Amino acid sequence: MRSNTYTLIFTSLITLILGFLLSFTYTQLKGMQQENLAVDIRKNILRALDIREQENEKWSNEKVQDLFNKYIKAEVISKNGLIVSDINIENINAEYDSTNFPIYYKLNDGQVDGYAIPVIGRGLWSTLYGYLALEPDASTVKGIQFYSHKETPGLGAEIEKDWFTNNFIGKKIVNSSGELVSIEVLKGKVDELSDEAYHQVDGISGATMTTKGVTQFLLEDLQKYEPFFKKIRNNVKELTWLY
Amino acid sequence: MAILNKKSRSALYDPLVKTNPISLSVLGICSALAVTIRVDQALIMTGAVIFVLSASNTIISVIRKYIPSRTRIIIQLAIIAGLVSLIDQVLMAYMYDMSKQLSVFVSLIVTNCIVMGRADAYAMQNPAGNSFLDGLGNGFGYGAILIAVAFFRELFGSGTIYGISMIPDFVYNLGYENLGLMVLSPGAFIVLGLIVWFQKEIWKEKVK
């Protein structure tokens with residue numbers, strides 16, 4: 001048995017060494033980690049707007065940045081749906097801000113080719129972060145991506161997989177009379193013959209709580225942007241998908 | 001392998017089957033349940049555990065004579081947790097995609113009883129070289145069971161192996177359905193239980 005003093009000194013020494021090692025690594029790598037994080041968010045905005053890597057292609061951080069600068073225009077809108085020009089989008093925390101909301105336009109030769117908005121909310125274990133993209137008609141889903149969450153791998157974590165997100169593409173967020181209905185993630189499969197199928201997507205078995213959360217926060221986040229999208233819908237002369 | 005003496009050999013090979021950490025000592029069950037839904041996840045977890053296990057075993061073995069016995073568990077845990085956080089940081093900076101895939105698995109390694117079990121039971125008594133081999137052996141033994149469980153769970157639960165569809169469409173047309181139970185935790189218990197039973201009863205008798 002060793003003396004108390006030895007035990008204390010040895011234990012503190014190990015703690016100190018490990019603590020120093022970890023904080024040193026952290027400060028050294030912090031810059032790269034934050035850059036990776038920022039690039040990953042941009043990549044997800046691009047992917048939601050259907051600009052994505054081909055199979056076996058891997059974009060470098062610079063490539064993502066270039067594409068983002070080329071195609072994406074960011075703006076801030078108020079809760080009344082008006083464009084706010086005096087606030088920098090970098091200063092908005094999309095998770096907590098309830099008066100100003102960021103929005104990303106996809107521009108193709110000066111034409112708007114889609115809108116992406118952040119969607120954030122609780123799943124089962126954690127907060128999910130993602131982007132929902134709409135077509136220029138502001139009623140059809142162009143894509144959805146989740147880039148950060150801590151759901152169970154193989155169950156809730158499937159929300160980030162293509163087989164799940166692809167189900168959203170082409171679904172409508174408004175009903176035939178133009179009211180916002182958002183997207184509903186079902187428990188089980190969508191009955192294609194049902195009248196509601198236009199705004200429903202297949203659920204994930206074993207992840208009912210996660211997908212319930214998704215249904216709820218998609219509605220909440222779309223409501224925030226509704227004044228803005230409503231104006232766009234009124235300007236689009238013909239809703240091509242009407243029954 | 002002539003370079004390894006008998007003790008080193010048993011350190012490396014025994015944990016593969018004879019003293020397998022999962023099926024004989026029933027350690028590391030928590031992660032064996034969580035990450036065996038699909039084979040690709042089990043593979044990633046296996047790689048990470050092999051690395052942490054052999055590294056922590058080596059480090060602890062090197063300083064084993066100086067570790068005070070009363071706080072040895074705390075020190076072992078600190079070293080393991082430090083090592084895991086270190087890997088996490090490095091992955092986040094240099095291999096961001098990989099770190100995203102590993103996400104929760106990394107923190108699961110700290111709570112993996114095999115890592116601490118081997119540190120306390122083996123690395124504290126044996127020299128660094130053998131401890132390293134013991135870490136490798138246990139890592140592979142753990143991985144073998146993990147992948148076996150994942151194989152059955154993915155095959156019967158999702159009808160795929162490594163994400164590739166294994167069950168032809170006409171079988172589904174005949175009325176076959178994927179077993180939802182296999183995707184959930186009880187499925188892992190059942191498969192794991194069968195493997196343990198197979199090894200303890202049937203296979204052992206054959207070996208005798």
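## Contact between chains A and B

In this predicted model, the contact between the chains draws 24 residues from chain B and 22 residues from chain A. On the side of chain B that touches chain A, helix 4 (72-94), helix 5 (96-110) and helix 9 (180-183) each supply at least two residues. Helix 4 of chain B gives the largest share, 10 residues.

By class, the residues on this side of chain B comprise 15 nonpolar, seven polar and two charged.

## Helix 4 and helix 6 of chain B

Helix 4 of chain B, which supplies 10 residues to the side touching chain A, also packs against helix 6 (residues 113-123) of chain B, their axes coming within 10 Å. The two axes cross at roughly 130 degrees. Angles over 145 degrees would count as roughly antiparallel and those from 65 to 115 as roughly perpendicular, so helix 4 of chain B is oblique to helix 6 of chain B. The crossing of these two helices is right-handed.

From helix 4 of chain B, the residues that meet helix 6 of chain B are Ile73(B), Gln76(B), Leu77(B) and Ile80(B). Their counterparts in helix 6 of chain B are Val115(B), Met116(B), Ala119(B) and Asp120(B). This helix-helix contact has six nonpolar residues, one polar and one charged.

## Strands 5 and 6 of chain A

In chain A, strand 5 (residues 127-134) pairs with strand 6 in the antiparallel sense, over six bridges. Within this pair, Ala133(A) stands opposite Gly143(A), a residue of strand 6 of chain A. The two strands form a hairpin with six residues between them, and in this hairpin Ala138(A) takes a positive phi near 60 degrees.

Strand 6 (residues 141-148) of chain A is mostly covered, with six of its eight residues buried. In a regular strand the side chains alternate between the two faces of the sheet.

## Val64 of chain A

Val64(A) lies in helix 2 (residues 61-71) of chain A. A residue with 20 or more other C-beta atoms within 10 Å of its own counts as buried; Val64(A) has 21 and is therefore buried.

Leaving aside residues up to four places away in sequence, Val64(A) touches Val39(A), Arg42(A), Lys43(A) and Trp59(A). Of these contacts, Lys43(A) is 21 residues from Val64(A) along the chain, and the C-alpha atoms of the two are separated by 6.2 Å.

How values were computed: Residues are numbered from 1 along each chain as its sequence is written. Chains are lettered from A and ligands numbered from 1 in the order in which they are written. This is a predicted model: local features need pLDDT of at least 70, side-chain atom pairs count only at pLDDT 80 or more; totals for chains, interfaces and linings use all residues. Two residues are in contact if their C-beta atoms, placed from the backbone, lie within 7 Å. Helices (H or I, at least four residues) and strands (E, at least two) are DSSP runs, numbered from the N terminus. Ala, Val, Leu, Ile, Met, Phe, Trp, Tyr, Cys and Pro count as nonpolar, Asp, Glu, Lys and Arg as charged, and the others, Gly among them, as polar. A residue is buried if 20 or more other C-beta atoms lie within 10 Å of its own, exposed if 12 or fewer, and partly exposed in between; C-beta atoms are placed from the backbone. Two strands pair if DSSP finds at least two bridges between them. Axes are lines fitted to C-alpha atoms, for helices over the stretch in contact, and angles run from 0 to 180 degrees between N-to-C directions. Angles under 35 degrees count as roughly parallel, over 145 as roughly antiparallel, 65 to 115 as roughly perpendicular and the rest as oblique. A crossing is left-handed if the near helix is turned anticlockwise from the far one by less than a right angle, and right-handed if clockwise.
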